[in-house]
Amino acid sequence: MAVTTAPELRSTSLTGNQLRWPVVAGIAVAALAASLLIGTVTGGIGIAKTVLVGWLLFGIGTLIASTAIEGSRKAKDRLATLLVSSAFALALVPLISLVISTLANGLPRFDLQFFTYSMRSVIGAGGGAVHAITGTLWVTGIATVISVPIGLLTAIYLVEYGRGRLARAITFFVDVMTGIPSIVAGLFAYSLFVIFLDPGTKTAIAGSVALSVLMIPVVVRSTEELLRLVPNELREASYALGVPKWRTILKVVLPTSLAGLVTGVMLAVARVIGETAPLLVAAGFTASLNNNPVDGPMMTLPVFVYRSYVDQGADAQAYLERAWTGALTLILIVMLLNLAGRLIAAKFAPKVR
């Protein structure tokens with residue numbers, strides 16, 4: 001008898017005493033109605049507070065119902081799930097609000113003129129940000145060319161060759177560079193170029209050097225962690241075949257981690273492309289298009305947004321619209337870079353069965 005009833009008891013405990021979705025839906029409706037009633041009685045508490053009160057009531061109701069129907073263990077599990085989901089939803093609120101605000105305020109000037117005109121001889125409405133977009137691509141591209149080889153080689157040394165005091169010193173200074181304020185990097189680059197050029201000289205190269213100071217530690221850290229994830233068995237198999245260490249790194253280690261390396265570089269680019277303070281100090285700003293990174297100041301999108309907001313003219317709305325559209329353009333550039341990084345990572349990721 002016990003042999004035949006045990007499976008039935010297990011089946012009942014697993015499928016019988018569960019909080020069905022109609023009950024959960026009923027609790028949600030009741031919580032929302034109670035929240036609206038509280039808002040009506042108190043004279044209105046706003047949409048955000050109404051949703052928050054309703055969510056709290058829903059959590060309390062779900063916990064009580066789950067305890068009564070499923071037991072305390074399942075109720076605790078549902079409470080933990082609710083808390084994690086609430087934290088996730090709360091983290092999405094600023095992001096969604098940012099995207100909505102940027103789209104609502106930036107789309108009015110998201111036109112062809114904005115991407116084909118500069119601000120040369122423009123006062124008030126009109127003009128565009130082609131000089132800032134071009135400058136951002138120049139400065140960020142040069143910073144990437146400087147930072148990626150240095151960061152990659154440093155990480156390879158730390159993982160494959162580094163031992164002793166030198167490796168510990170490099171790791172320490174990389175950690176220190178990670179926390180350097182961006183304005184300090186801008187002052188460093190500006191001072192460095194003032195030594196070799198005339199005082200007050202601001203160029204795109206100086207801005208790229210400032211961004212590379214911020215970018216190198218990110219590349220080193222991401223690359224180092226990815227290289228450590230490569231199984232040692234692959235290295236040992238290569239050594240067993242008589243392949244030298246440098247060729248093993250070039251032909252085995254780097255291709256295995258290539259997808260992650262590309263993602264790390266994209267993250268580093270996204271980290272520095274929105275920096276304003278170092279570019280304002282080192283690269284300066286201009287209203288004209290400048291395609292020479294070694295001669296004269298160069299406008300970038302972060303500085304363009306900052307200047308449009310700070311130096312509002314008689315037609316303040318026109319400056320604010322340009323600032324919002326510049327911010328929207330910068331977000332789109334970062335999104336495209338991340339999508340490109342994901343596509344490259346997916347294409348070159350090692351195929352495993």
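Contact here means heavy atoms within 4.5 Å. The model shown is predicted.

**View 1. Domain 1 meets domain 2 through a set of contacting residues.** On the domain 1 side, 6 residues take part. They are in contact with 6 residues of domain 2. By class, the touching side of domain 1 has 2 nonpolar and 4 polar residues. Charged residues are absent from that side.

**View 2. Area is buried between domain 1 and domain 2.** The buried area is about 520 Å². Carbon and sulfur atoms give 77% of it. Within domain 1, the residues that lose the most area to domain 2 are T102, N105 and G106. Together these three account for 76% of what the domain 1 side buries.

**View 3. Polar links between the domains are counted here.** There is 1 residue pair in polar contact between domain 1 and domain 2. The count of salt bridges between them is 0.

**View 4. Residues 171-197 carry a transmembrane annotation in the UniProt record.** That entry is unreviewed. In the model, this span is 85% helix and 0% strand. The C-alpha atoms at its ends are 32 Å apart.

**View 5. Residues 323-345 are also annotated as a transmembrane region in the unreviewed UniProt entry.** Here the span is 100% helix, with 0% strand. Its end C-alpha atoms lie 33 Å apart. Other stretches under this UniProt annotation include 21-45, 51-69 and 81-104.

Conventions. Residues are numbered from 1 along each chain as its sequence is written. This is a predicted model: local features need pLDDT of at least 70, side-chain atom pairs count only at pLDDT 80 or more; totals for chains, interfaces and linings use all residues. Side-chain values use heavy atoms; hydrogens and water are left out. UniProt positions are given in the numbering used here, feature names are shortened, and annotations may be inferred rather than shown by experiment. Helices (H or I, at least four residues) and strands (E, at least two) are DSSP runs, numbered from the N terminus. Buried area is the accessible area (1.4 Å probe) that two parts lose on being put together, summed over both. A salt bridge is a side-chain nitrogen of Lys or Arg within 4 Å of a carboxyl oxygen of Asp or Glu. A polar contact is a pair of N or O atoms within 3.5 Å; within protein, one must be able to donate a hydrogen and the other to accept it, and residues adjacent in sequence count only if both atoms are side-chain atoms. Ala, Val, Leu, Ile, Met, Phe, Trp, Tyr, Cys and Pro count as nonpolar, Asp, Glu, Lys and Arg as charged, and the others, Gly among them, as polar.
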